[in-house]
Amino acid sequence: MSSHSADKMIDNHFGEVNEVRCGIFAIVERCRNKYGMTSLKKAFAFTLAETLIVMGIIGVVAALTIPNLNSSTADKEKVAKIQKLYSNLQDAFGRATAIYGPMDEWFATDTTAVAQTTRFGERLTEFMKVSKNCKMEANKGCGPSTLDASTSNYKFITADGTYVDIAKNGSSNQFLVAIDIAKSNSGNHILTQQIFVFLANNDGLGVQSYDGQESRCLETRPNGSNPNPLMSGFLCTAWVVNFGNMDYLKTDKAGKCPNGRVLNATVTSCK
């Protein structure tokens, strides 16, 4: 290709570019004349007042949204922690029965509730990662003051800092295994919020489901229509384990969520 032809091709390209540029400016000029815009700067700029209004709206939305997101995240963390510890407790119980036989055979020489509780606690902790074991001793820092003061309960702290309290369930061959996920010796530790209860017997270690009626948690939880804290500890534990949420804490006495959904045996989430 000759230099003359190349120069001509370049000139043609520049001509096309200039035509496009002129077309754009013509369109802008027509818009400016049609809508009374005096300049491009005025057409595309925001005033200080408009900017402040937008920032205010964003602040209001953030103030309404962030607390709910934080609460939802905290609940998910609690649920995950409860389910993980439940799995660890079941695993430890299964290992203990595999080595020492059925639970009722553990107490051949233990005739008192204290001795049986001690034996049960020793069997369980043998197969768990424990950071501190207070056993039956009182006020050794293995839980909130109400539980830590007991000399009839077996107490220890797991590797992740969860308090575990084991108590014999009356004269029956059962044990209540309560976990406290608050990780603090102070404060008000509440069933269904920080404390959750499992039941252990010859059939295994699990949740008290009352034939799948976990929704009774709504009736028996502390802010329900028929307060029964211990029953709440059983049934709300089953709710968390089986439904994977703590939405029962968001409802009123009728089980209604803030968004109007009513929790029951089939509707198990506020979402």
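Buried means under 20% relative accessible area. I wrote that cut-off down before opening the model, which is a predicted one.

**Entry: S150**

I looked up S150 and found it in the loop between α5 (145-148) and β2. Its relative accessibility is 15%, so S150 counts as buried. I then checked what the side chain of S150 does. One of its polar atoms lies 3.1 Å from the backbone nitrogen of S152. Leaving aside neighbours within four places in sequence, I listed M136, E137, A138 and K155 as the contacts of S150.

**Entry: T162**

Next I turned to T162, which sits in the loop between β2 and β3. Is T162 buried or exposed? T162 has 0% relative accessibility, and therefore I put it down as buried. The side chain of T162 makes a polar contact with the side chain of D160, at 3.0 Å. Not counting residues up to four places away in sequence, T162 touches K81, L85, F156, I157, I179, D180, I181 and K183.

**Entry: the nonpolar cores**

I moved on to the largest nonpolar core, which has 40 residues. Those with the most contacts inside this core are L89, F120, I166, I179, F198 and Y248. I noted which elements give two or more residues to it: the helices α3 (48-100), α4 (113-125), α6 (217-220) and α7 (229-243), and the strands β2 (154-158), β3 (163-168), β4 (175-180) and β5 (195-201). Which element gives the largest share of this core? I found that α3 does, with 8 residues.

From the list of residues with the most contacts inside the largest core, I picked I166. Not counting residues up to four places away in sequence, I166 touches T117, F120, G121, L124, N153, Y154, F156, F175, L176 and V177. I noted that F120, one of these contacts, is also on the list of residues with the most contacts inside the largest core.

**Entry: the cavity**

Rolling a probe the size of a water molecule over the atoms shows where empty space is left. How many cavities of 30 Å³ or more are there? I counted 1 cavity. About 40 Å³ of space lies in the largest cavity. I listed its lining as C142, L147, K155, Y163, V164, D165, A178, I179 and D180. The elements that give two or more residues to this lining are β3 and β4. By type, the lining residues divide into 6 nonpolar, no polar and 3 charged.

Some names came up again here. K155, in the lining, is a contact of S150. I179 and D180, also in the lining, are both touched by T162.

**Entry: positive phi**

N139 has a phi near 55°, a positive value in a residue other than glycine. I placed N139 in the loop between β1 (130-135) and α5. With a relative accessible area of 58%, N139 is exposed.

D211 is not a glycine either, yet it has a positive phi of about 60°. D211 lies in the loop between β6 (204-206) and α6. Why do I call D211 exposed? I do so because its relative accessible area is 76%, and exposed means over 50%.

Methods: Residues are numbered from 1 along each chain as its sequence is written. This is a predicted model: local features need pLDDT of at least 70, side-chain atom pairs count only at pLDDT 80 or more; totals for chains, interfaces and linings use all residues. Side-chain values use heavy atoms; hydrogens and water are left out. A nonpolar core is a set of buried Ala, Val, Leu, Ile, Met, Phe, Trp, Tyr and Cys residues joined through side-chain atoms within 4.5 Å. Buried means under 20% relative accessible area, exposed over 50%, partly exposed in between (1.4 Å probe, protein chains only). Helices (H or I, at least four residues) and strands (E, at least two) are DSSP runs, numbered from the N terminus. Contact means heavy atoms within 4.5 Å. On a 1 Å grid over the protein atoms alone, a cavity is a set of points where a 1.4 Å probe fits but cannot get out, and a pocket is an open set with protein on both sides within 12 Å along at least five of seven lines; lining residues have an atom within 4 Å of a point. Grid points are joined across faces, edges and corners, and a volume is the space filled by probe spheres set on the points. Ala, Val, Leu, Ile, Met, Phe, Trp, Tyr, Cys and Pro count as nonpolar, Asp, Glu, Lys and Arg as charged, and the others, Gly among them, as polar. A polar contact is a pair of N or O atoms within 3.5 Å; within protein, one must be able to donate a hydrogen and the other to accept it, and residues adjacent in sequence count only if both atoms are side-chain atoms.
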